[in-house]
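Q: Could we go through this structure together? I would like to begin with the pocket.

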Amino acid sequence: MAQPATQREILCNLFKSTNPLRTDVLETRRLTSPRRPPNNDARHIVLSSPGLSYLPGQSIGVLPEGFDARSGKPQQLRLYSVSSATKGDYGDSKTVSTVVVRHFWDNEETGETSIPGVCSNYLCDCEVGDRFQITGPVGKRFVLPADFHQRDLIFVATGTGIAPYRGMLEDMFAQGYEGKVFLIFGVQYADTILYDDEFQSYQDRPNFRYITALSREGERNPFPDDVPTPREKMYVQVRIWQHREEIGPSLEKPDTLVYQCGLKGMEKGVFQVIDKIGTEMAEPDLSLRMKAEGRMLLEVY
Ligand code: NAP
């Protein structure tokens with residue numbers, strides 16, 4: 001029998017735009033090689049968070065100081081996924097962390113290219129001691145269920161979409177997790193893998209499987225007919241197919257949850273590959289059934 005996720009009480013909107021929380025930057029560090037260009041500059045940022053309770057899988061809102069140079073209006077709120085465990089990085093429930101990559105965009109109307117995104121660059125440039133306002137937490141769908149302890153979990157991430165899994169894994173292992181968890185993580189280069197040392201430190205756990213997909217390190221997709229990817233790039237969905245003998249038994253269980261966080265583009269490929277694995281198990285619409293049963297969780301943009 002399928003077991004949809006059991007919800008727990010989740011607090012939301014403890015701080016809103018009308019009553020934001022003033023936060024101090026306690027720590028900021030680059031997670032990717034400094035040799036990489038600015039669009040690969042991802043930072044781990046630890047903020048003070050007195051009074052803010054949250055769960056990994058929720059997001060905080062950031063209100064950068066100052067005014068938008070283009071519009072002249074006060075900066076708008078942007079949401080960032082929490083990347084810390086429930087107790088925060090210092091274990092005292094007084095901090096919240098996030099991970100941010102510098103964003104650049106092209107203005108099709110003016111033809112201007114590589115325009116720095118306001119909030120991501122603000123956060124990446126901030127220094128210890130800087131202060132700004134945050135809101136939150138928000139989001140109820142992407143957290144771990146109350147009864148995660150024995151479920152198998154398949155965490156799929158691209159880029160900064162890794163944020164929620166960092167905190168979830170810490171919480172799970174601290175709370176005696178007994179299921180099997182797969183972390184399948186796609187980034188461009190070996191030296192842009194976020195939090196790699198932390199995930200490596202779990203490798204001696206028999207119930208943790210860590211699989212990376214590096215799209216720009218020269219490894220080609222060996223299954224372009226089964227799992228097509230542009231220019232035969234190595235993407236997370238290719239890895240899922242490649243490791244189907246290991247992942248398949250977990251997908252077959254009626255209480256397994258699949259989480260996807262990161263780029264919107266990965267969603268289609270991941271569903272297709274889950275259905276392909278389902279077909280081998282005589283269940284071609286496996287992803288549809290998992291969705292209908294609330295066992296397919298998505299946080300993609
Ligand atoms: P990125 O570096 O642009 O991409 C990460 C990896 O995904 C790269 O290897 C990329 O390959 C690959 N990829 C691209 N298209 C794919 C597809 N269709 N299927 C599978 N893999 C694909 O990622 P990023 O700049 O960190 O952006 C992450 C996204 O996650 C953003 O859109 C962000 O809004 C979203 N997000 C972030 C958070 C957060 O907390 N920060 C939470 C939820 C969602 P190539 O570049 O080589 O093609």
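Q: Which helices and strands each supply at least two residues of the lining of the largest pocket?
A: In this predicted model, local features need pLDDT of at least 70 and side-chain atom pairs count only at pLDDT 80 or more, while totals for chains, interfaces and linings use all residues. Residues are numbered from 1 along each chain as its sequence is written, and side-chain values use heavy atoms, with hydrogens and water left out. The elements that each supply at least two lining residues are β4, β5, α1 (118-125), β10 (181-187), α4 (236-242) and β12 (257-262). Helices (H or I, at least four residues) and strands (E, at least two) are DSSP runs, numbered from the N terminus.

Q: What is the volume of that largest pocket?
A: The volume of the largest pocket is about 1,200 Å³. A pocket here is an open set of points on a 1 Å grid over the protein atoms alone, where a 1.4 Å probe fits, with protein on both sides within 12 Å along at least five of seven lines; lining residues have an atom within 4 Å of a point. A volume is the space filled by probe spheres set on the points, which are joined across faces, edges and corners.

Q: And which lining residues are the closest to its centre?
A: Of the 45 residues that line the largest pocket, Val101, Thr158, Gly159, Thr160 and Leu263 are the closest to its centre.

Q: How do the lining residues divide into nonpolar, polar and charged?
A: The lining has 20 nonpolar, 20 polar and five charged residues. Ala, Val, Leu, Ile, Met, Phe, Trp, Tyr, Cys and Pro count as nonpolar, Asp, Glu, Lys and Arg as charged, and the others, Gly among them, as polar.

Q: Turning to the sheet, what is the strand order?
A: The six strands of this open sheet run β4-β3-β8-β1-β2-β5, with antiparallel pairing. Its edge strands, each pairing on one side only, are β4 (78-81) and β5 (95-101). Two strands pair if DSSP finds at least two bridges between them.

Q: How many bridges join β3 and β4?
A: Four bridges join strand β3 (residues 59-63) to β4 in the antiparallel sense. Tyr80 in β4 is the bridge partner of Ile60.

Q: Where is Arg22, and is it buried or partly exposed?
A: Arg22 lies in strand β1 (residues 21-30). Arg22 is partly exposed because its relative accessible area is 38%; buried means under 20%, exposed over 50%, and partly exposed in between (1.4 Å probe, protein chains only).

Q: And where is Pro254?
A: Pro254 is in the loop between α5 (244-252) and β12. At 33% relative accessibility, Pro254 counts as partly exposed.
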